[in-house]
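Work through the exercises below with the model open. Each task is followed by its solution.

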Amino acid sequence: MKSRKEEILETIPQKGFFGHPKGLLTLFSIEFWERFSYYGMRAVLIFYIYYETTQGGLGLDKTTAASIMSIYGSLVYMSTILGGWLADRIFGGRATIISGGILIALGHLALSFPGSVTALFVSMALIILGSGILKPNLSNIVGDLYSKEDYRRDAGFSIFYTGANAGALIAPLIVGTIGQTYSFHYGFSLAAIGMVIGLIWYAVTSRKSLGEAGRYVPNPITATEKKKLIRWFSIGAIVIIALLAITIPTNILTIDVFVNIVSIFGVLIPTAYFLVMYFSKKTTNVEKSRLLAYIPLFITAIMFWSIQEQGSTIFAQIADTQAKLDLGWIHIQSTWFQSINPFYIVFFAPLFAVAWTKLGKKQPITPVKFAIGVILAGFSFLVMLIPFTAANGGQISALWLVLSFFLVTMGELFLSPVGASATTKLAPAAFASQTMSVWYLSNASAQAINAQLVQFYSIDTQVNYFMIIGVVSVIIGIVLWLFSKKIHAFMRGID
């Protein structure tokens with residue numbers, strides 16, 4: 001008797017897009033436009049928050065702006081729990097994508113008009129919910145296109161990752177330039193348009209190219225569970241609204257307090273999720289072993305993303321205030337630096353995809369790839385000690401930022417697409433989409449921690465800041481490498 005996975009694979013055209021299933025092009029495209037909208041907004045968002053009102057910004061201080069950006073990023077990835085749960089228990093992955101994209105477009109639209117800090121938070125809330133519903137299910141459907149034994153799988157995720165970063169590459173150049181040159185709100189409007197284009201493409205192409213991928217609900221909710229869910233959701237909503245109504249006007253819930261709360265949940269939620277999956281009666285002994293192997297990979301990913309995500313906060317500030325932007329023949333916009341990371345990925349990801357395909361079983365095991373990735377991330381911070389020490393708080397060459405982004409991007413190509421692929425393979429069957437949400441929680445936890453870390457950053461402390469974080473990252477990578485074979489054994493035949 002065929003498994004549900006085998007039945008799904010039979011409905012998918014298995015070639016047609018560079019030797020990969022045709023459905024990969026559909027998912028590649030909507031991810032391109034979703035990333036265009038997200039990274040376009042993010043490229044100008046920190047400047048919108050801390051630029052003075054006379055410059056079209058909100059006028060908050062830089063430390064608060066960096067914390068808000070980190071918490072925003074954390075909540076975007078934290079909300080993937082909702083998207084994974086909805087896919088696993090109620091709708092399946094396919095049905096959640098359109099609604100998620102609509103919420104994202106509305107979020108960008110909310111900032112398209114001049115507003116206040118309140119408008120900023122409304123926009124963030126919509127994008128957080130929309131991204132949480134959309135992101136994990138896109139990646140999980142990519143996994144549905146391949147069997148677990150298909151060696152095209154890692155390459156497929158690398159191609160998908162290229163689509164995401166192609167959108168992230170052009171977004172700062174277009175949205176960032178329009179936002180900084182003319183109006184931040186014009187830039188936010190372009191982000192909304194990009195998401196709408198992606199939704200239209202997905203609606204037109206998905207039915208023929210994806211077959212039954214993403215339609216299956218692996219762990220459907222029962223009628224009794226549905227009644228309990230509605231009851232507890234209603235009670236929770238009433239309690240949250242009441243708390244907000246009391247704490248916001250009385251100034252009990254401030255931005256700083258909210259940042260601290262999210263930082264705590266950024267650590268507690270993934271911990272709770274691992275415990276629930278591990279002790280679930282639906283998780284087999286083999287799956288429990290694989291979860292144990294996943295934990296050190298998850299911790300390593302947190303360290304990596306903590307460094308990588310500071311590209312849009314700390315490095316954005318450095319680009320805006322310390323980097324030499326006037327090259328004589330051209331003046332560089334500080335938002336353009338946000339295109340460096342995706343530029344490298346678009347260029348190098350296909351090479352990595354080819355390498356993993358050619359190497360086949362000879363390629364490094366997953367824990368070793370993770371170790372290399374986090375070590376390179378550590379060096380991306382350590383290399384910045386050279387210009388910071390020489391400049392002593394003054395202007396530095398923009399090429400140092402280019403080099404640092406190169407190192408962390410090489411680390412990302414070793415870790416991120418491989419991590420997404422490993423997640424779909426190590427996931428317990430009953431928690432398939434939710435485990436992809438847990439993968440995104442590594443980024444959520446990292447940015448929740450960053451919300452606290454960035455408060456220690458200033459021009460006066462930047463040398464120690466980069467040195468300590470860089471050294472810790474390298475040490476974690478070395479330890480993971482030393483234990484890589486033991487971790488691989490716990491993966492029980494999965495690589």
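**Exercise 1. Find the partner of E309 in a salt bridge, and give the distance.**

Start at the side chain of E309: it meets the side chain of R42 in a salt bridge, 2.6 Å from N to O. The rule asks for a side-chain nitrogen of Lys or Arg within 4 Å of a carboxyl oxygen of Asp or Glu. Next, count across the boundary: domain 1 and domain 3 have 1 salt bridge between them.

A note on the source: this is a predicted model, in which local features need pLDDT of at least 70, side-chain atom pairs need 80 or more, and totals for chains, interfaces and linings use all residues. Residues are numbered from 1 along each chain as its sequence is written, and side-chain values use heavy atoms, without hydrogens and water.

**Exercise 2. Describe the interface of domain 1 and domain 3.**

An automatic or database assignment gives domain 1 (1–220), domain 2 (221–253) and domain 3 (267–494). Then list the contact, meaning heavy atoms within 4.5 Å: domain 1 supplies 51 residues and domain 3 supplies 57. Now take the area. About 4800 Å² is buried, with 58% from carbon and sulfur atoms. This is accessible area (1.4 Å probe) lost on putting the two parts together, summed over both.

**Exercise 3. Which ring pairs with Y294, and how are the planes set?**

Search the whole structure: 33 aromatic pairs turn up. In one of them, Y294 pairs with F298, tilted, at 6.5 Å centre to centre and 45° between planes. Rings of Phe, Tyr and Trp (its six-membered ring) pair with centres within 6.5 Å; planes under 30 degrees apart are stacked, over 60 edge-to-face, the rest tilted.
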